[in-house]
Amino acid sequence: MAEPKLDPTIPPGLHLISAFLSMEPTETLLSLSRECGGGLVTEGVQRFIWEHCISNEAGEKGFGPYLKNFLKKLISEVESRNGTVLDELYEQCGYYMSSLKDNALVKGSARVCKCISFLFPDACELPCCPKSSNLVVPLHCSLNMLEGDTGCSVWPSSLFLSEFVLSFPDIFSNKSCFEVGSGVGLVGICLSHVKASQVILSDGDLSALSNMKINLELNQLSAETDVLKRFGEDPNTVKADMDNKSTVKCFHLPWESATESELQEHLPDIILGADIIYDPSCLPHLVRVLAILLKQKKAYSQTREESCKGQFQEAKHIVVNGASEGKSFLARDLHGSECVTIQNGNSNGNGTDPRQVVELNGGSSVARLKKRPVAYIASVIRNIDTFNCFLKLAEAAKPGNH
């Protein structure tokens, strides 16, 4: 009986390609390869890997040592089960063995092009991706997580926050969005896809800003304006698209030296941050920056202000806190008066819509809360003392205390 051919556009083939493009750990790729072959890495699965992961353009742009390690373990997996390995895989592995040095991965300057795939259900049609079941974002970054403080590596919470943006585009569409500590720029790229009216990306590290601009260009965005590089097309068509696109700005923002006048120039509707609660010495500066950004629309409507006497009278800041396994978020206002758990969508489709955060108290407070600046902060809690330090500083930053 002939082995069924894998389809690269649907699972499990789609999952395998996505994991390869995002350079997931080798064990993850092997597990998906077995799933594609019904428990074994068959010749058909090997052919699929060769054609769609290694020999195509994505493979050419891939990182050699990563591919070398994957091929060595893939070949070992097949041989350990008395299977037949494709000649092409042997030859490619031999090429990497002879041409690459083992220390290439540990070089601090090593950069790769990772592709982050966001997969949507077949029936889902989002404004950010209306004609496709997936969105692929190429990113120039480091594989070394220890370079995270330079903003050149993809950290887990940036993935969580990006998925949150794409899953609930109506929250961010036509809003001015300001990201604190933008890193590789993934969240900003997703904000642009959901048509935020303005996207402002900031980072305190100059190398991160330089890398971020490269990533914007990889995704056909400019660091200054969202101009698509589509030479040869009708200028009127390009201009019409530009008029409907968001503006992307990047600037250097060290938290410790940021001034109130500098921050008040932007007046964002939504502030975002991913993996920014990690260094206790930086937290006072971070909280000060957030407080300035969040208080900017304090007196937007005196009449409405006086009419809203509920628990959200001074609720300005929503913290979205990723659990250690990335399975749930916790949303609360800055003063902790109300909170709601937001579960990531699981296989059963269960989950709490994060938009319920603005409906917890109901009544007139809802419209008022939507009008004021809101902050979404995604963080994996690695050190509970550091996170508690952030909460204490946030509590101390109530209106009138700064």
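A residue counts as partly exposed when its relative accessible area falls between the limit for buried, under 20%, and the limit for exposed, over 50%. The model shown in these views is predicted.

View 1. The secondary structure of the protein comprises 16 helices and ten strands, and buried residues account for 47% of its 402 residues. Among contacts between residues at least 6 apart in sequence, 67% join residues that are at least 24 apart. The accessible surface amounts to about 19,500 Å², and 51% of this area belongs to carbon and sulfur atoms.

**View 2. The salt bridge between Arg47 and Glu88.** The side chains of Arg47 and Glu88 meet in a salt bridge with an N to O distance of 3.1 Å, one of five salt bridges found in a search of the whole structure. Because Arg47 belongs to helix H3 (residues 43–54) and Glu88 to helix H6 (residues 87–99), the pair ties together parts that are 41 residues apart in sequence. With a relative accessible area of 23%, Glu88 is partly exposed, and Arg47, at 29% relative accessibility, also counts as partly exposed.

View 3. The side chains of Glu77 and Arg81 meet in a salt bridge at 3.2 Å, N to O. Glu77 counts as buried at 10% relative accessibility, whereas Arg81 is partly exposed, with a relative accessible area of 48%.

**View 4. The salt bridge between Arg382 and Asp275.** The side chains of Arg382 and Asp275 meet in a salt bridge at 3.5 Å, N to O. This pair links distant parts of the chain, 107 residues apart, with Arg382 in the loop between strand S10 (374–378) and helix H16 (384–396) and Asp275 in the loop between strand S6 (270–274) and helix H13 (283–294). Asp275 is buried, with a relative accessible area of 13%.

View 5. With ring centres required to lie within 6.5 Å, the count comes to eight aromatic pairs. The ring centres of Phe164 and Phe168 lie 5.6 Å apart and their planes meet at 50°, so this pair is tilted. Phe164 counts as buried at 5% relative accessibility, and Phe168 is buried as well, with a relative accessible area of 18%. For Phe178 and Phe251 the centres are 5.9 Å apart and the planes stand at 70°, so the pair is edge-to-face. This second pair links distant parts of the chain, since Phe178 lies in strand S3 (residues 176–180) and Phe251 in strand S5 (residues 247–252), 73 residues apart. Both Phe178 and Phe251 are buried.

**View 6. Phe172, its aromatic cluster and the nonpolar cores.** Ring pairs link Phe172 with Phe164, Phe168 and Tyr376 into a cluster. The largest nonpolar core has 39 residues, and Phe172 is among those with the most contacts inside it, together with Phe118, Leu191 and Leu272. Helix H9 (residues 186–193) gives the most to this core, contributing five residues. When residues up to four places away in sequence are not counted, Phe172 touches Phe164, Val165, Cys177, Leu191, Val194, Ala196, Ile270, Leu272 and Tyr376. A second, separate core has 32 residues, including Leu6, Leu29, Val45 and Ile49.

Methods:
Residues are numbered from 1 along each chain as its sequence is written. This is a predicted model: local features need pLDDT of at least 70, side-chain atom pairs count only at pLDDT 80 or more; totals for chains, interfaces and linings use all residues. Side-chain values use heavy atoms; hydrogens and water are left out. Rings of Phe, Tyr and Trp (its six-membered ring) pair if their centres lie within 6.5 Å; planes under 30 degrees apart count as stacked, over 60 as edge-to-face and the rest as tilted. Buried means under 20% relative accessible area, exposed over 50%, partly exposed in between (1.4 Å probe, protein chains only). Helices (H or I, at least four residues) and strands (E, at least two) are DSSP runs, numbered from the N terminus. Contact means heavy atoms within 4.5 Å. Accessible areas come from the Shrake-Rupley method with a 1.4 Å probe; for residues, only the protein chains shown count as cover. A nonpolar core is a set of buried Ala, Val, Leu, Ile, Met, Phe, Trp, Tyr and Cys residues joined through side-chain atoms within 4.5 Å. A salt bridge is a side-chain nitrogen of Lys or Arg within 4 Å of a carboxyl oxygen of Asp or Glu.
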